[in-house]
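User: I'm new to this one. Could you walk me through how to read a few of its features?

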Amino acid sequence: MACSFQELSAWGFYAHRLINRQAVYSLPPELMVFFKPHLTYITDKAVNPDRRRYAVKGEAEKHYIDLDIYGDSAVYKLPRFWKDAKAMYGEDSLRKYGISPWSTYETFKNLSYAFERKDVQAILRLAADLGHYLGDINVPLHSTQNYNGQNTGQYGIHGFWESRLPELYATEYDFFVGKASYVPSPQLEIWKAIEIAHHALDSVFGFEKVLTQEFPDDKKYSYEDRGNITTRVYSREFSNAYHQMLGGQVERQMRRTIKLIADFWYSAWILAGQPNLGDLNPDKMQVPYENDNSYTPRDSLKHIREHRAYIIDPEVLFWKNSDKYLYFWQAFQKYCERRPRFLPVG
Ligand SMILES: [Zn+2]
């Protein structure tokens with residue numbers, strides 16, 4: 001059976017998990033003592049915000065910003081702080097085109113408050129979430145309306161860049177990013193990351209276009225088996241050519257993300273007054289309870305963008321649902337029922 005698998009996530013399941021996990025290793029000992037025992041949670045829940053996109057109103061727009069709708073040089077001109085942005089554009093309009101720069105900062109602040117209260121569950125939940133959002137802002141295609149190449153005949157490029165490439169080449173990447181450092185202006189730092197990611201769009205689209213002229217369709221795509229399904233993927237030859245042409249761009253963005261996450265966790269803790277996390281009662285060290293079976297209201301599905309992605313890592317053939325592991329195919333079917341199909345645009 002030919003069927004395309006649609007992934008849950010920006011940066012792909014695989015990359016988001018890898019990034020969150022790797023960030024823990026950049027933390028100083030005072031934080032490591034807390035995070036290390038929860039490495040599994042921080043890793044597994046790296047994709048939680050993407051799962052909420054379909055169930056929680058107001059979640060979807062936290063993952064991107066369509067800079068191009070604000071005109072030239074928007075990345076420099078848009079108000080840095082939420083209050084000013086709201087005053088200028090109104091909240092509804094901002095939400096329509098994505099609010100990632102501002103909402104990521106909100107999550108950072110909430111994490112800092114959680115550290116202050118020494119609220120174990122909130123710290124874990126918000127740290128995992130923050131890792132995800134910082135991951136998203138470092139993905140170039142999360143800063144444009146043409147987020148899946150749908151306007152330029154490059155449909156599928158989203159999953160290609162952020163899932164297929166990391167899945168093929170991440171084992172060759174160097175993820176040692178050094179120790180976390182304090183970030184004096186987190187909100188501005190977020191914008192800096194978005195600037196860098198946004199500038200990368202030229203090559204993300206441009207190189208794919210150049211290569212597409214060299215590769216006829218039957219060379220550009222191939223079919224690979226994923227469990228029970230055969231999926232059309234960008235061929236290894238095409239992926240390799242793109243990977244070479246990008247000159248380490250995906251790796252650079254992943255490294256930037258890892259460093260940024262560690263910096264932000266660390267800075268949230270500093271701002272909270274550096275509470276001693278080593279003395280937390282082990283009884284309270286339970287991971288947050290989550291109900292993954294939340295009902296998905298129909299109207300929340302509008303405006304939610306999807307992207308195609310490709311699964312390779314056997315680890316992700318299982319989808320962890322509460323305490324049960326569902327077999328990939330069951331999870332896939334269940335997932336298809338819960339979410340809208342990705343309709344080609346144009
Ligand atoms: Zn996301």
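This is a predicted model: local features need pLDDT of at least 70, side-chain atom pairs count only at pLDDT 80 or more; totals for chains, interfaces and linings use all residues.

User: Let's start with a single residue. Is Asn 20 buried or exposed?

Analyst: The idea is to count C-beta neighbours within 10 Å, and 20 or more makes a residue buried. Asn 20 has 28 of them, so it counts as buried. You'll find Asn 20 in helix H1, residues 12-24.

User: Which residues does Asn 20 touch, leaving out those up to four places away in sequence?

Analyst: Those are Ile 42, Thr 43, Ala 46, Ala 128, Gly 131 and Ile 261. There's also a distance you can check yourself: Leu 39 is 19 residues from Asn 20 along the chain, and their C-alpha atoms are 8.8 Å apart.

User: On to strands. How do S1 and S2 pair?

Analyst: A general point to begin with: side chains in a regular strand alternate between the two faces of the sheet. Here, S1 (residues 221-226) and S2 (residues 229-234) run antiparallel, with six bridges between them.

User: How do I read a pair of helices, say H8 and H9?

Analyst: Look at the angle between their axes; over 145 degrees counts as roughly antiparallel. The axes of H8 (residues 100-117) and H9 (residues 120-137) come within 9 Å and cross at roughly 155°, so H8 is roughly antiparallel to H9. Their crossing is left-handed. Residues making the contact include Phe 108 and Leu 111 of H8, and Leu 126 and Tyr 133 of H9. By class, the contact has 13 nonpolar, four polar and two charged residues.

User: And what about H12 and H14?

Analyst: The axes of H12 (residues 201-214) and H14 (residues 236-246) come within 10 Å and cross at roughly 135°. That makes H12 oblique to H14. This crossing is right-handed. Among the residues in contact are Phe 207 and Glu 208 of H12, along with Phe 238 and Tyr 242 of H14. The classes here are seven nonpolar, one polar and one charged.

Methods
Residues are numbered from 1 along each chain as its sequence is written. Helices (H or I, at least four residues) and strands (E, at least two) are DSSP runs, numbered from the N terminus. A residue is buried if 20 or more other C-beta atoms lie within 10 Å of its own, exposed if 12 or fewer, and partly exposed in between; C-beta atoms are placed from the backbone. Two residues are in contact if their C-beta atoms, placed from the backbone, lie within 7 Å. Two strands pair if DSSP finds at least two bridges between them. Axes are lines fitted to C-alpha atoms, for helices over the stretch in contact, and angles run from 0 to 180 degrees between N-to-C directions. Angles under 35 degrees count as roughly parallel, over 145 as roughly antiparallel, 65 to 115 as roughly perpendicular and the rest as oblique. A crossing is left-handed if the near helix is turned anticlockwise from the far one by less than a right angle, and right-handed if clockwise. Ala, Val, Leu, Ile, Met, Phe, Trp, Tyr, Cys and Pro count as nonpolar, Asp, Glu, Lys and Arg as charged, and the others, Gly among them, as polar.
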